[in-house]
Amino acid sequence: MSTKDSDRDDARAAAIEEALGGIGQRISEAEAASEVCECKQGMFALAATRRQLFGGAGLVAAVGMTGVLPRTGAAKAPPGAVEYPVPADSTKEQGRMMGEDGGYGSRSQFESDVRWANPTRTASFAPLQNGYGVITPSGLHYERHHGGIPTIDPARHRLVLHGLVDRPMKYSLADLKRFPTVSRTYFMECSGTTGSEIMKAREPTVQRTHGLVSTSEWTGVPLSTLLRQTGLKPGAAWVLAEGADAAVMTRSVPIDKCLSDALVVFAQNGEAIRPEQGYPMRLFLPGWEGNISIKWLRRLEVSDKPNYTREETSKYTDLVTKTGKARMFTFTMEAKSVITFPSGDMKLPGAGFYEITGLAWSGRGKIARVEVSTDSGKNWSLAALQDPVLPICQTRFRFPWIWDGTPAVIQSRATDETGYSQPTHQQLIEERGPLESGSLFYHMNAIQSWAIARDGSVKNVHPLG
Ligand code: CO
């Protein structure tokens, strides 16, 4: 690094330090002292205890002694939460007893992020704009169903492995759990994510542009372990995976994937997988388009060729409009990233410090670097990556930024460990031709742009106009 570069970095660090000092409300020591209440005394061994202060009346009398704050807006709790009265002073009233929730917790009544379902209710999108770290809460993981969410009794569910095998097998969930298991943190992405954004900016928010990607810790049995039990006959080259949903969702999977990192998973983020994620068991093919990780998995049939099912011929093939031909069996989700804050439909309160943050991921391995531009792609700077950077997992990136209050376009560009860099829309269109009306541009991983206007409002914008 040259002296000039390091001087510039020093100046930038000093400017950020100064901007950070302007955040929050400066108070005097006297004002701070007024926040200290008598209730704190019970925390010190030699001071009068709270019980003594209340004249020995104890907790029973204390409950309900203080006021309840009026709740603005609806008194109905958001999904996943329970509405409770809010005491005026939470230090003056005994809190709720454990067990009141029946033993399964809920989120705060003040948190309201939910999945957004498309009008046909066939897909729901994770609220990436308000996420933290890389794990998607199970209740906010994106969904894509082809025949709704089936209700399956795990006691009656079976997984059958047959076809070009030496010993056809049937396993219950209890059987499956007896095999050695692994836990891996992987992203999953629908191959249609951002597909409608290829020609122009359409959706207002990052939830609606990029929300068909999520990350969970998945626990299950390597499929290779199960295939070792059945054995494989000569010629075994593909496996048909079939779901127990109303669509009987089926996809053909190359045997090499089944023998490498494929899993049959039954747990997500430390508990049983959610019904909408395939309860009681699903296939999980790391780094591949989401729909091939068949949910509600009930059958695996080994064969010598692909089955050319509906969902891999009429759907989930990529029409190359330049040649009129279609790409088939395009499995891997290539490197991609998006800035989640600031993002579409947000409004920055004014010039000053902001931490630009977002997510990057690649179906081919680890993210090597993420660059951020705040001037419409003219200059790019390295963002910090949150450790640990895991393969085939979302990686959180962060970039400190002082917005000067003038219009700006912010972008992120991911590069994975294979050296592949996220393309522009123009590059993708040159490769595969423009999107024809009525079709869907699968595997769309172009660089996303958000424009920040002078008034701080953030909008989805498209580099091609
Ligand atoms: Co594909």
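Strands S12 and S14 (residues 282-284) run antiparallel to each other and are paired over 3 bridges; two strands count as paired if DSSP finds at least two bridges between them. In this pairing, Val265 has Arg282 of S14 as its bridge partner. Helices (H or I, at least four residues) and strands (E, at least two) are DSSP runs, numbered from the N terminus. The model is a predicted one, so local features need pLDDT of at least 70 and side-chain atom pairs count only at pLDDT 80 or more, while totals for chains, interfaces and linings use all residues. Residue numbers start from 1 along each chain as its sequence is written.

S12 is mostly covered, with 5 of its 6 residues buried. Buried here stands for 20 or more other C-beta atoms within 10 Å of a residue's own, exposed for 12 or fewer, and partly exposed for anything in between, with C-beta atoms placed from the backbone.

In helix H7 (residues 223-230), the buried residues include Leu223, Leu226 and Leu227. The buried residues of H7 pack against S6, strand S9 (213-222), helix H8 (255-259) and strand S12 (263-268). After H7 comes Gly231, with a positive phi near 70 degrees.

S6, one of the elements packed against H7, belongs to an open sheet of 5 strands with mixed pairing, in the order S7-S6-S15-S10-S11. Its edge strands, S7 (169-172) and S11 (250-254), each pair on one side only. From one strand to the next, the twist averages 20 degrees, where axes are lines fitted to C-alpha atoms (for helices, over the stretch in contact) and angles run from 0 to 180 degrees between N-to-C directions. Strand S6 (residues 158-163) is joined to S7 by 4 bridges, and the two run antiparallel. A hairpin through 5 residues links S6 to S7. With strand S15 (residues 297-303), S6 pairs in the parallel sense, again over 4 bridges. Val160 takes part in both pairings: its bridge partner in S7 is Lys170, and in S15 it is Arg299. Elsewhere in the sheet, strand S10 (residues 238-243) and S11 run antiparallel, joined by 5 bridges, with Leu240 partnered by Ser252 of S11.

Another open sheet of 5 strands has antiparallel pairing throughout its order S21-S20-S24-S25-S26. Strand S21 (381-382) and strand S26 (458-461) are at its edges with a single partner strand each, so one side of each is left without a neighbour in the sheet. Strand S24 (residues 408-416) pairs with strand S25 (residues 449-452) in the antiparallel sense over 4 bridges, and Val409 has Ala451 of S25 as its bridge partner.

Stepping back to the overall picture, the protein has 9 helices and 26 strands. The C-alpha trace spans about 80 × 60 × 45 Å along its principal axes, and 32% of the 465 residues count as buried. Among contacts between residues at least 6 apart in sequence, 71% join residues at least 24 apart; a contact requires C-beta atoms, placed from the backbone, to lie within 7 Å.

The protein is divided into domain 1 (116-308) and domain 2 (336-461), with bounds that come from an automatic or database domain assignment. The C-alpha centres of the two domains lie 27 Å apart. Across the boundary, 27 residues of domain 1 are in contact with 29 residues of domain 2. On the side of domain 1 that touches domain 2, strand S8 (182-189), helix H6 (206-210) and S9 each supply at least two residues. That side has 12 nonpolar, 13 polar and 2 charged residues; Ala, Val, Leu, Ile, Met, Phe, Trp, Tyr, Cys and Pro count as nonpolar, Asp, Glu, Lys and Arg as charged, and the others, Gly among them, as polar.

Notes
Two residues are in contact if their C-beta atoms, placed from the backbone, lie within 7 Å.
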